[in-house]
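Subject: Model for your review

Hello,

Here is the model you asked for. My notes on it follow below.

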Amino acid sequence: MRAADIMTRTVITISPDHSVRHAARMMLDNHISGLPVCDDEGVLVGMLSEGDLLRRVELGSSALGKKDTSSSTQVAEAYIKGHGWRVGDVMTRGSLTVGTDTPVGQIAELMAKRAIKRVPVIRDGRIVGIVSRRDILELIAAAEPERSASGDEAIKSAVLARLASDLALDRNLIEVRVDRGVVSLCGTVESGVKRLAARVAAEAVDGVGCVRNELRVAHETASAPPKPTQ
């Protein structure tokens, strides 16, 4: 699945010469949280998001933030952001973009890494679409469960394969038992996070009814007091 498969093709853009007030009204009227900013030639020059408008003079002096620990350049930049009336003065320049063939997984990774909510899709220097977090959520919601296993033995093989491939868990340290679709995970893992991830991975296999997570965490096992002898 690539950007062209999930992107919104009707993109609402704004000019850098439009007013910030007009941009805010466009966001509200169209129920969007950001706008690509394009020049007269249709070339993307920046993005204007809700975050760019959080420190505005219209919101009062407290929204502008403190100045005492900032450099003179930072003070000047903050002043422009807070007082400038043109979109071009307030927008974020050098916006991240992707191509139509960019894999969706790569786009999601970029969004998470950069903490952004939308990515313009570019072809031949022009914006042809936009991928938002909502587009990715809709893809997840519509996804069909994997159809890779049926019967207890097949489920066991599928769970073991997933634990090895997705989590790099050592098969020699993990035992998987399946009884009429109920999966029991036994053995030892390195951390509580891996224990939880193993349960999530097992639950993702088609045909699994429920998962009994009996995995132990290595350091907890090592520190556990010995059982009293009879």
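Which residues does Leu185 touch, not counting residues up to four places away in sequence? They are Val159, Leu163, Glu175, Val176, Ala198, Arg199, Ala202, Val211, Arg212, Asn213, Glu214 and Leu215, where touching, like any contact below, means heavy atoms within 4.5 Å.

Before the rest, some conventions. This is a predicted model, in which local features need pLDDT of at least 70 and side-chain atom pairs count only at pLDDT 80 or more, while totals for chains, interfaces and linings use all residues. Residues are numbered from 1 along each chain as its sequence is written, and side-chain values use heavy atoms, with hydrogens and water left out.

Overall

The protein chain has nine helices and ten strands; these are DSSP runs numbered from the N terminus, with helices being H or I of at least four residues and strands E of at least two. Of its 230 residues, 33% count as buried. Buried stands for under 20% relative accessible area, exposed for over 50%, and partly exposed for what is in between, with a 1.4 Å probe and protein chains only. The chain exposes about 14500 Å², and carbon and sulfur atoms supply 52% of that area. Accessible areas come from the Shrake-Rupley method with a 1.4 Å probe; for residues, only the protein chains shown count as cover. Among contacts between residues at least 6 apart in sequence, 56% join residues at least 24 apart.

Leu185 belongs to strand β8 (residues 182–189). Its relative accessible area is 0%, so Leu185 is buried. From Leu185 to Arg195, ten residues apart in sequence, the C-alpha to C-alpha distance is 9.4 Å.

Val159 and Leu163, both touched by Leu185, also take part in a helix contact: Val159, Arg162, Leu163 and Leu167 in α7 meet Ala197, Ala198, Ala201 and Ala202 in α8. By class, this contact has seven nonpolar, no polar and one charged residues. The classes are Ala, Val, Leu, Ile, Met, Phe, Trp, Tyr, Cys and Pro as nonpolar, Asp, Glu, Lys and Arg as charged, and the others, Gly among them, as polar.

Two packed helices are described by the angle between their axes and the distance between the axes. For α7 (residues 152–167) and α8 (residues 192–203), the angle is about 130° and the axes are 9 Å apart. α7 is therefore oblique to α8. Axes are lines fitted to C-alpha atoms, for helices over the stretch in contact, and angles run from 0 to 180 degrees between N-to-C directions. Under 35 degrees counts as roughly parallel, over 145 as roughly antiparallel, 65 to 115 as roughly perpendicular, and the rest as oblique. The crossing of α7 and α8 is right-handed; a crossing has that label if the near helix is turned clockwise from the far one by less than a right angle, and is left-handed if anticlockwise.

The α5/α6 pair

Helix α5 (residues 104–114) packs against helix α6 (residues 133–142) at about 130°, with the axes 11 Å apart. This pair is therefore oblique, and the crossing of α5 and α6 is left-handed. In the contact, Val104, Ile107, Ala108 and Met111 of α5 meet Arg133, Ile136 and Leu139 of α6. Those residues divide into six nonpolar, no polar and one charged.

Leu96 sits in the loop between β3 (92–93) and β4 (98–99). Neighbours within four places in sequence aside, Leu96 contacts Leu110, Arg114, Ile116, Val119 and Pro120. Pro120 is 24 residues from Leu96 in sequence, and 7.5 Å from it C-alpha to C-alpha.

His31, at about 55°, is in the loop between α2 (20–30) and β1 (34–38), and counts as exposed at 73% relative accessibility. Ala168, near 55°, is in the loop between α7 and β7 (174–179), and counts as exposed at 62%.

Gly51, in the loop between β2 (44–49) and α3 (72–83), is partly exposed at 47% relative accessibility. The C-alpha atoms of Gly51 and Gly34 are 8.8 Å apart. Asp179, in strand β7, is partly exposed at 46%, and its C-alpha atom is 9.2 Å from that of Glu153, 26 residues away along the chain.

Regards
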